[in-house]
Protein chains: 2
Amino acid sequence: MNKGLLVVVSGPSGVGKGTICNALRSQYEDLVYSVSATTRLMREGEVEGVNYFFLSKEDFQEKIADGAFLEWAEVYGNFYGTPKWVIDAELTAGNNVLLEIDMQGALQVKKAYPESVLVFILPPSEEELAKRLSGRGTDSAEVIAKRLACWQQEKAMLKHYDYAVVNDTVAQAVEKISRIITAEECSVKRMEN
Amino acid sequence: MNKGLLVVVSGPSGVGKGTICNALRSQYEDLVYSVSATTRLMREGEVEGVNYFFLSKEDFQEKIADGAFLEWAEVYGNFYGTPKWVIDAELTAGNNVLLEIDMQGALQVKKAYPESVLVFILPPSEEELAKRLSGRGTDSAEVIAKRLACWQQEKAMLKHYDYAVVNDTVAQAVEKISRIITAEECSVKRMEN
């Protein structure tokens, strides 16, 4: 059996990665979303291994030391991380795994998983990106200006990606990513034996 | 504007390349079929540049000497060839060009056009390939045996191809090739600037 694909969807802040990934998840059941690990307490209704893998701080820090996370962060005293062991198990089982991740993180994934498929989501235009960032209403003008300045640098990272998909509409972007996955599954260089 | 893609569909005799390419042509109007050149006389109803480019034998042989054909053959005293200049004009105009070609020819195309996309059509199984070759009713048992022996060697050429598509059904194979074309159009390494 061929291993699954690790599909990494990334792009600048405000480009619509989250919306695209949610649509991909709901339309393609054979696309597994990687479950994160955390040290925060389990909330009512949450299920171990579905919402998160719940770890003690000691366990989490030990795993950081072991390099067991693709990436991790501390937020308000709790740790969150993307566990390599979860991704590895899914890929070995032949499942395609979807990761939505920021641009720095995406390049780290490519280093750890050279076979991963990096998809850069592009805004239809820079004007549209500015409009979307303002439209969210969550960020100050200053933060938006900073994000747009970042975009000028982020654009230069496109060359490290495998594919670029313009987010004209969510449906079109989702269809293109689905087609990229089919093509990668037909790729001769991925075939074993 | 990005250049068009040169999509080469190839595979063993009897695998169904022709049926797949005809279906692709009829379903995807943006996929241009490369028009061949010939020295045979124009028949009634044929149109220059649509059915063939009609050349004199002198012109044809001069073009052979110039390396202007991707491949050519002499059949019953007439010459037939795939003109590079036609392919180049279509690709430069941004059109995707479809070529259906035997396996030796496909590897020659890859040498002349390293950016070309080579698709290997695989039979669902070797039993099925044998069945299809017999089912055509055009070949003797001896010819079929020779073709199946060829297949054992042709399989080893898969590694030189970009993609492998199993011809389970024509519709599925056509859909996969269409998806491969979309993915290649999103490929970062193809993008100019």
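Predicted model: local features only at pLDDT ≥ 70, side-chain atom pairs only at ≥ 80, totals over all residues.
User: What makes a set of residues a nonpolar core, and which residues have the most contacts inside the largest one?
Analyst: The members must be buried nonpolar residues joined through C-beta atoms within 7 Å. The largest such core has 78 residues. Those with the most contacts inside it are A:Val7, A:Val8, A:Val119, B:Val7, B:Val8 and B:Val119. Helix H7 (residues 170-186) of chain B gives the largest share of this core, seven residues. In soluble globular proteins, nonpolar side chains tend to be buried together.

User: Why is B:Asp168 called partly exposed?
Analyst: B:Asp168 has 13 C-beta neighbours inside 10 Å. Buried needs 20 or more, and exposed means 12 or fewer. The count of 13 falls in between, so B:Asp168 is partly exposed. B:Asp168 sits in the loop between strand E9 (163-166) and H7 of chain B. Its C-alpha atom is 9.2 Å from that of B:Ser125, 43 residues apart along the chain.

User: And A:Tyr76: buried or exposed, and why?
Analyst: A:Tyr76 counts as exposed, because it has 5 C-beta neighbours inside 10 Å. The limit for exposed is 12 or fewer. B:Tyr76 also has 5 such neighbours and counts as exposed.

User: What makes the phi of A:Tyr76 worth a remark?
Analyst: Its phi is near 50°, a positive value in a residue other than glycine. A:Tyr76 lies in the loop between E5 and E6 of chain A. B:Tyr76 has a positive phi of about 50° too, and is not a glycine. B:Tyr76 is found in the loop between strand E5 (69-75) and strand E6 (78-83) of chain B.

User: How do you know that E5 and E6 of chain A pair, and in which sense?
Analyst: Pairing takes at least two bridges. Six bridges join strand E5 (residues 69-75) to strand E6 (residues 78-83) of chain A. A:Ala73 stands opposite A:Tyr80 in E6(A). E5(A) and E6(A) form a hairpin with two residues between them.

User: Why are E2 and E9 called edge strands in the five-stranded sheet of chain A?
Analyst: The sheet is open, with the order E2-E7-E1-E8-E9 and parallel pairing. Strand E2 (31-33) and E9 each have a single partner strand, so one side of each is left without a neighbour in the sheet. On average, neighbouring strands are turned by 30° against each other, direction ignored.

User: How do you know that E8 and E9 of chain A pair?
Analyst: Strand E8 (residues 117-122) and E9 of chain A share four bridges, in the parallel sense. A:Val119 stands opposite A:Tyr163 in E9(A).

User: Which helices pack on this sheet, and at what angles?
Analyst: Helix H3 (residues 84-92) of chain A touches strand E1 (6-10), E2 and strand E7 (96-100). Its direction makes about 145° with that of E7(A). Helix H4 (residues 103-112) of chain A touches E1, E7 and E8, and makes about 160° with E1(A).

User: How do you know that E8 and E9 of chain B pair?
Analyst: Four bridges join strand E8 (residues 117-122) to E9 of chain B, and the two run parallel. At least two bridges are needed. B:Ile121 stands opposite B:Val165 in E9(B). Helix H4 (residues 103-112) of chain B lies across E1, E7 and E8 of that chain, at about 160° to E1(B).

User: What makes the relation between the two chains a two-fold one?
Analyst: A rotation of 180° with 0.0 Å of shift along its axis superposes chain A on chain B, with an RMSD of 0.1 Å. The two copies are therefore related as by a two-fold rotation axis. Of the residues of chain A, A:Arg179 comes closest to that axis, with its C-alpha at 2.4 Å.

User: How do you know that the same surface serves both copies?
Analyst: 100% of the contact residues of chain A recur in chain B. The contact takes 16 residues from chain A and 16 residues from chain B. On the side of chain A, strand E9 (163-166) and helix H7 (170-185) are the elements that give two or more residues. H7(A) gives the most, with five residues. That side divides into 10 nonpolar, two polar and four charged residues.

Note on methods: Residues numbered from 1 in each chain as written. Chains lettered and ligands numbered in written order. Contact = placed C-beta atoms within 7 Å. Nonpolar A, V, L, I, M, F, W, Y, C, P; charged D, E, K, R; others polar. Axes fitted to C-alpha atoms, helices over the stretch in contact; angles between N-to-C directions. Least-squares fit on C-alpha atoms with pLDDT ≥ 70 in both.
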